[in-house]
Amino acid sequence: MQHKVEHLALVESRLHSEVAMQPENQKLKIRWIVDWKAEGPTPTRSPIASMRYRVLLPAKALEAKGHQVEIVKLQDLRDGQQLSWQSVDVLVIGKLFVDINMEQFKSDSQRLLQACKAAREAGAMVIGDVNDDHFNRPVVGDYWKMFVALADACIVGSPAMGKTVSAHTSRPVIPLGDPLGSPKGTPRVYADRAGNMVSRMFRNEPLKIVWYGMNNNLPSFDPWIMWVGSAWTDLPLLVRVVTQPGPEVDKLCRQFNERFGKRSRMEFVTWSEEAQWDAVADSDVVMIPANTLDSTKAVKTANRLTDALHAGRYVIGSPIPSYVPYAEYAELTDNPVFALHKYINDPDAARERIARGQAVVEKEWGVDAVANLWLDVFSKRSASSGGSHGDVQIPVRLNLGCGDKILDGYVNVDVAESRLGKRPDVLADLSDLKVFSDGYADEIMAIHVVEHFWRWEVEAVLREWLRVLKPGGEMVLECPNLESACKEFLRDP
């Protein structure tokens with residue numbers, strides 16, 4: 001059957017011991033340059049989610065593995081701090097906040113680009129951690145385009161963000177999700193807390209719903225919770241909104257309580273990490289709607305969903321791309337009222353979904369697992385750019401059109417997100433492998449793949465694969481045996 005290939009050029013990071021660049025006892029010196037938004041002078045806490053998930057938690061986990069991590073504040077560079085690049089193995093640069101002062105942004109962006117160039121000249125690997133789509137913004141977009149083109153590889157928080165970034169660079173683009181930031185909780189549903197129907201009706205026990213996030217996400221939650229307040233008649237509701245103070249949340253709470261206050265109520269909780277997780281622990285359902293038509297939301301990471309599952313609570317959210325892989329464990333919908341009825345009417349199924357989801361996210365996005373994924377990205381330096389941190393050269397082997405045949409020691413590439421539950425390492429159009437640079441692979445293998453292209457496509461496809469293959473590399477192609485296929489057909493039509 002003809003492959004209907006749609007170019008995605010997304011890389012999903014996967015830990016292969018065969019591609020470890022460093023001996024296990026050789027430790028890295030890793031430097032993060034961050035636009036500092038944190039509580040206090042020590043790098044331990046921040047009200048900014050991207051700071052916690054993309055810097056502080058990975059840095060702490062990497063240090064626990066014995067690697068040396070240095071966090072440099074952008075403000076210190078503004079104040080004239082000079083950086084030495086001696087013995088630095090990896091430079092990671094993430095979010096650059098866009099404040100009102102555009103001149104400040106211009107000077108900051110130049111500092112970061114100069115740091116990238118200095119690091120590369122000294123032999124360090126440069127990693128860009130990109131989690132917001134600013135590429136089409138005037139001035140700001142120019143910086144991000146230059147930055148991703150300069151970095152040795154780009155890490156992104158979601159496959160959707162990877163698709164955006166891959167349009168602006170030929171470097172590897174590697175989706176690497178956020179580590180878990182929530183305390184682990186026991187899977188629990190409303191019936192576990194409130195008892196049977198007679199008991200909870202007698203006590204008028206409310207169904208507890210929590211929403212948490214930045215104020216700019218409230219426009220997605222507002223229509224959902226007003227709809228629930230209007231249509232939900234089974235139980236009283238206690239809705240907690242955990243965010244920063246502001247007129248938006250004041251208005252939402254006032255309107256909800258004016259309309260539904262005789263039976264239900266909404267409470268505002270000032271955000272802190274402790275307050276957020278306390279509210280989740282006391283809740284029955286976590287609601288995380290999003291505007292699925294907003295491209296800026298489509299590229300967001302899955303941390304709100306994965307953290308809620310890890311905390312042991314049922315999640316009702318919108319089907320944004322980063323949430324979809326967890327649809328088996330959470331209710332992704334545009335109808336929260338129906339989802340709540342489903343949750344209440346089958347508590348055993350809801351509890352079982354939570355438990356399975358919790359196990360999955362803990363395995364995939366536990367802090368230690370994510371640290372290994374970061375190290376896996378760092379290890380690919382020898383394969384992607386010739387290796388400047390040691391003499392070990394690990395051959396890079398691509399398994400194109402892998403399907404469900406995920407092979408160890410290969411980078412498994414396919415156009416389908418999964419086949420028989422098996423997910424490739426790289427999601428890409430096999431006729432346009434721009435996620436891989438020229439001369440990237442020592443070996444390219446494609447088993448029963450080329451025959452899926454039309455005859456007039458095959459030459460261009462093979463030329464694209466040769467571009468990715470190193471000079472002198474090996475290409476292994478296997479196609480169906482027509483004679484054998486005919487014999488089998490005649491034997492059993």
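Which side chains meet in a salt bridge at 2.9 Å, N to O? They are those of arginine 54 and aspartate 129.

## Basis of the model

The structure is a predicted model, in which local features need pLDDT of at least 70 and side-chain atom pairs count only at pLDDT 80 or more, while totals for chains, interfaces and linings use all residues. Residues are numbered from 1 along each chain as its sequence is written, and side-chain values use heavy atoms, with hydrogens and water left out.

Side chains of opposite charge can pair when their charged atoms come close.

Arginine 54 belongs to helix H1 and aspartate 129 to strand S5 (residues 125-130), 75 residues apart; helices (H or I, at least four residues) and strands (E, at least two) are DSSP runs, numbered from the N terminus. Both residues are buried, where buried means under 20% relative accessible area, exposed over 50%, and partly exposed in between (1.4 Å probe, protein chains only).

Arginine 54 also meets aspartate 178 in a salt bridge of 2.6 Å, N to O. Aspartate 178 lies in the loop between strand S7 (173-175) and helix H6 (190-194), so this pair ties together parts that are 124 residues apart in sequence. Relative accessibility is 4% for arginine 54 and 5% for aspartate 178, and each counts as buried.

## A link from H1 to H10

The side chains of arginine 52 and glutamate 273 meet at 3.9 Å, N to O, in a further salt bridge. This pair joins helix H1 (residues 49-64) to helix H10 (residues 273-281), across 221 residues. Arginine 52 is buried at 10% relative accessibility, whereas glutamate 273 is partly exposed at 22%.

## Helix H14

Helix H14 (residues 347-365) has 19 residues and reaches 26 Å from its first C-alpha to its last. This is close to the expected 27 Å, a span defined as 1.5 Å times one less than the number of residues.

Its buried residues are Ala350, Arg353, Ile354, Gly357, Gln358, Val361 and Trp365. They lie on the same side of H14 because they cover an arc of only 135 degrees around the axis, taken from the directions from the helix axis to the C-beta atoms. On the other side, Asp348 and Lys363 are exposed. The cover over the buried residues, with contact meaning heavy atoms within 4.5 Å, includes helix H13 (336-345) and helix H15 (367-379).

Technical notes:
A salt bridge is a side-chain nitrogen of Lys or Arg within 4 Å of a carboxyl oxygen of Asp or Glu.
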